[in-house]
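Here is a short briefing on one predicted model. Keep the structure open while reading.

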Amino acid sequence: MYSPSGGIPEALARKLNAATVEKEAETAGGGDKKEHLYKILVIGELGTGKTSIIKRYVHQFFSQHYRATIGVDFALKVLNWDADTLIRLQLWDIAGQERFGNMTRVYYKEAVGAFVVFDVTRASTFDAVTKWKNDLDSKVQLSDGSPVPCVLLANKCDQTKEGLVNNTAQMDEFCKEKGFIGWYETSAKENINIDDAARFLVTKILEKDKAMQLGDEERDRDRVILERNGPQSPSARKSCC
Amino acid sequence: MASDLPSDFDIVVLGTGLQESILAAAFSRIGLKVLHIDRNDYYGGPWASFNLQGVDKWIIQKQQSASFCCQPLDSDHLLTLVKEGEKLLELPGTYTSVLEPQSHYHVDKRPEINEEKIAEDTQDMNVSIQRQENNNTLPQSASSEYDGEKDKPGQKPSVVETAQSKEGALGGGSKEGTTAEESVAKDFDGQFSSASEEDGESADTPTVDKETSPSDVVDYIPTKDKQERQCEWFADDICKEWRRYSIDLAPKLLYCAGSMVELLIVSDVAKYCEFRTVSRVLTMHDGKLEKVPCSRADVFSSKILTLPEKRLLMKFLTFAAEYEQHSETYQDYLDRPFADFLDSQKLTTRIKHFVMEAIAMVLPSSSTQEGLASTQKFLRSLGRYGNTAFLFPLYGSGELPQGFCRLSAVFGGCYCLTLSALHLVITEADNRCIGIITNGGQRINCKYLIGDPSYMPSDFYIHDNRNISRGIFVTDRTIFPGAEEELSLLYLLQHSEENATATTVLELPSSAMVCQGSTYLVHLTCSARADAATDLKPAANTLFDMCPQQTDDCAEVGKRKPRVLWSLFFKQVDLSNITATEKVPENLFIVCGPGAEIDPDKHVAEARKIFKKICPDEEFLPKPPHPDDIIFVDDEETPATGNQSSVLSADLDVDGEGVDCTESKQIQRDAKEEATESESVTESNVTENTEEGQEKSEKK
């Protein structure tokens with residue numbers, strides 16, 4: 001019944017399962033639900049509000065004080081997408097100090113969606129958007145070789161905007177040219193558009209996922225995940241990438 | 001961006017290879033401030049894996065040898081960075097750890113084809129071809145050969161001719177080519193002599209062996225279709241899928257019960273990696289490849305063993321698994337060759353061969369002690385995850401160091417690529433290393449410095465001047481067809497007049513996520529004697545068709561040896577056995593690089609040793625807290641600190657200023673309390689558990 005479609009190690013999925021599925025099952029009133037586990041990256045320059053966006057989205061929480069997180073790979077958001085679908089989003093933040101250099105491949109690996117965040121008050125953070133998008137595309141793709149669906153977030157839109165973001169037509173053009181599937185003006189502080197942006201991205205991921213159920217199960221069956229509680233060879237799993 | 005780099009750290013680590021990364025993770029994990037830098041723009045140093053484009057870039061860098069070219073720092077500026085009683089020690093800006101890298105496409109570029117069939121792919125393809133053609137700086141790059149070919153369609157270069165003309169140039173090049181293999185061997189000579197003479201060679205060196213007639217043009221076969229094995233290959237088929245390749249500079253297998261597997265599990269770095277089991281161990285016996293039965297079930301179902309042989313082998317394996325308990329059996333042979341001991345056990349030639357060359361994987365000259373220990377390690381790892389003793393990390397061994405780097409970053413480790421140390425800051429009084437000067441001219445203070453030898457002054461260490469020859473091939477099919485897509489290990493022992501040489505062959509299918517569709521990625525490794533292509537030639541010619549002819553007869557293709565479609569040869573300096581000299585400051589540690597050994601367990605042990613020297617009382621990579629157990633505490637609240645502080649000595653500035661990560665407090669639940677995981681825990685619950693956990697650990 002449980003078959004995560006994202007490329008998330010099943011060991012992890014099971015751990016998460018233990019912690020949250022039961023909660024979820026209660027609220028959802030049980031029943032057989034289709035479950036998806038998706039890894040989503042949140043990238044962009046330092047101080048653009050990546051962590052705040054994640055906190056707002058996952059924990060409904062905003063703090064002026066910036067604090068890098070220690071010991072956390074990702075935040076988990078559970079979505080009751082529709083009556084038959086439960087979606088777990090793993091939102092992977094840039095670990096505090098990877099900011100000085102390139103990200104490791106394990107960060108990008110098997111992601112199925114991404115947000116690139118810039119700060120509307122600082123044009124320099126917008127200039128870096130292309131760099132982040134290129135880095136993303138060069139490090140990860142979906143299994144069919146297509147780029148990972150990526151949404152551009154113009155964050156801190158409650159403040160005075162600077163540069164291109166003031167021109168909607170040009171922003172649309174920019175997104176088209178750079179391969180973003182869309183863009184949103186967001187504010188983690190005022191909780192503007194974050195849920196919408198996420199919903200949009202998840203919709204695209206679901207479409208992709210549906211189109212790509214290519215029969216990779218056979219190959220995945222033999223993947224081995226190392227676990228604390230002894231050896232195991234996971235049963236059939238599907239993967240997006 | 002690097003200008004915001006804080007300038008005080010507890011530990012500075014130079015190089016992102018495996019051992020360095022394990023250490024960076026271990027120190028970050030216990031709350032120390034770690035700066036981890038690499039002079040390259042990629043992770044892993046000599047442990048890296050690249051896609052095909054990355055390989056091209058890496059080769060160019062290595063050939064220019066100034067891969068990391070830094071401006072010497074202004075000496076006046078340097079003086080301002082040094083205080084009274086300190087001196088600077090210059091570090092090597094570059095280091096040549098890789099010699100003579102050569103990559104080649106062994107197949108032709110695709111001639112004009114059914115345009116519309118590949119229309120959807122052309123854009124992608126053009127990009128990669130464009131990329132290839134831009135690489136003309138590489139005199140021997142495949143692209144320039146293609147160009148020559150494309151521009152002169154009438155010309156039909158023959159490799160045999162080339163081989164003959166090169167034969168002289170090869171000088172003492174081996175001429176052992178025996179009847180059956182002669183032509184292949186010659187082809188190989190021709191091809192690789194031209195490769196190794198790289199600089200003098202003009203761009204039109206023909207590697208391509210046959211003209212392509214219209215009949216060769218077959219329908220485009222999508223490479224992801226695994227069912228239909230592609231029988232005709234063109235260079236474009238490979239380079240357009242460049243992203244699907246992950247080519248390890250230092251391929252490693254993990255013993256299922258080895259210390260790397262244990263460390264991955266304990267540290268939770270395992271969550272960043274997935275693996276495949278090596279599905280079979282092959283051996284070359286009497287000129288034929290055979291699958292080695294290693295498990296009990298394998299032995300009994302084996303068709304190549306007779307019944308008495310099965311009993312003999314089982315008896316021996318049972319003994320070897322717990323050989324220490326039967327010291328009387330092998331006592332007299334301990335320091336004598338393993339082969340002699342096996343003879344004394346009255347094993348048949350075949351069984352002896354299996355044990356030596358496939359299970360223990362030792363040279364005939366190895367001691368009984370060595371052979372038994374190696375056999376035992378293999379046997380202990382059997383059956384844990386699969387039919388053989390080994391695991392291979394999906395996407396390549398380069399994932400391992402990166403997994404540890406991510407763990408380090410998640411615990412506050414500071415990462416910066418393309419940054420190196422140009423000078424060490426040494427105290428004059430007691431020869432301690434208290435900092436580095438980066439190539440950006442910034443002084444960074446540290447309490448301990450760790451680095452791989454390539455960053456260190458050459459008088460800091462001695463190494464045994466050995467090199468490793470590596471060959472990496474993309475082939476069109478497996479060396480030994482089996483029922484499924486297999487991941488194979490072959491320890492190929494080849495006897496020459498003087499001695500036996502061993503080549504480790506690792507054949508990876510696309511399900512290991514290292515190559516495209518129906519191809520295989522093959523790693524050949526041996527100790528270097530000459531250049532890599534020469535060293536590996538006997539093994540390569542035994543197993544592969546190094547100079548494939550195009551053919552449109554798929555049935556015939558199936559009968560031949562696998563064809564090599566692309567190859568990379570290079571020599572790597574073996575820095576796996578280094579001895580630090582007395583010049584090394586006591587708070588500076590030099591780690592080892594990758595060697596020719598099959599597994600990384602030695603590096604785990606070395607990393608642990610260094611960690612314990614610096615932090616004797618701390619746990620080495622304990623299990624991280626479950627994400628759900630981390631509670632974010634506002635600054636006003638009383639911080640409930642986990643095991644983050646109380647590290648090292650009291651004077652250590654664990655809190656730091658520059659890095660914002662220290663603001664967040666985390667609470668860790670005792671890892672043993674797995675039981676509560678299934679409950680939906682509330683924050684107070686977790687806090688209680690944590691306190692219990694802390695009490696427990698205090699009692700200890």
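**Sheet in chain B**

Four strands of chain B make up an open, antiparallel sheet, ordered β4-β13-β14-β15. The edges are β4 (86-90) and β15 (443-445) of chain B; each has a single partner strand, so one side of each lacks a neighbour in the sheet. On average, neighbouring strands of this sheet are turned by 30 degrees against each other, direction ignored.

- Strand β13 (residues 421-427) and strand β14 (residues 433-438) of chain B run antiparallel and are joined by five bridges.
- Ala421(B) has Thr438(B) in β14(B) as its bridge partner.

**Salt bridges**

- Over all chains, the whole structure holds 32 salt bridges.
- Arg443(B) and Glu86(B) form one through their side chains, at 2.7 Å from N to O. Arg443(B) sits in strand β15 and Glu86(B) in strand β4 of chain B, so this pair ties together parts 357 residues apart in sequence. Both Arg443(B) and Glu86(B) are buried.
- Glu586(B) and Arg432(B) also meet in a salt bridge, at 3.3 Å from N to O. This pair links distant parts of the chain, 154 residues apart: Glu586(B) is in the loop between β23 (578-580) and β24 (588-590), and Arg432(B) in the loop between β13 and β14 of chain B. Glu586(B) is exposed, with a relative accessible area of 59%, while Arg432(B) is partly exposed at 25%.
- Lys57(B) pairs with Asp41(B) in a salt bridge, the closest N and O atoms being 3.0 Å apart. Lys57(B) belongs to helix α2 (residues 52-64) and Asp41(B) to the loop between β2 (34-37) and β3 (49-50) of chain B, so the pair ties together parts 16 residues apart in sequence. Lys57(B) is partly exposed at 45% relative accessibility; Asp41(B) is partly exposed at 29%.
- Asp73(A), Lys271(B) and Arg406(B) are linked in a salt-bridge network.

**Positive phi outside glycine**

- Asp286(B) is not a glycine, yet has a positive phi of about 55 degrees. Asp286(B) lies in the loop between β9 (280-285) and β10 (288-291) of chain B and is exposed, with a relative accessible area of 70%.
- Tyr395(B), also not a glycine, has a positive phi of about 70 degrees. Tyr395(B) is in the loop between β11 (390-393) and α16 (399-410) of chain B. Tyr395(B) is buried, at 17% relative accessible area.

**Cysteines**

- The search of the whole structure finds zero disulfides over all chains.
- Cys515(B) is in no disulfide; its nearest cysteine sulfur, that of Cys239(B), is 16 Å away.
- Cys515(B) is buried, with a relative accessible area of 4%. Cys526(B) is buried at 3%.

Technical notes:
Residues numbered from 1 in each chain as written. Chains lettered and ligands numbered in written order. Predicted model: local features only at pLDDT ≥ 70, side-chain atom pairs only at ≥ 80, totals over all residues. Heavy atoms only, no water. Helix = DSSP H or I, 4+ residues; strand = E, 2+ residues; numbered from the N terminus. Buried < 20%, exposed > 50% of the residue type's maximum accessible area, 1.4 Å probe, protein only. Pairing = 2+ DSSP bridges. Axes fitted to C-alpha atoms, helices over the stretch in contact; angles between N-to-C directions. Disulfide = S-S within 2.5 Å. Salt bridge = Lys/Arg side-chain N within 4 Å of Asp/Glu carboxyl O.
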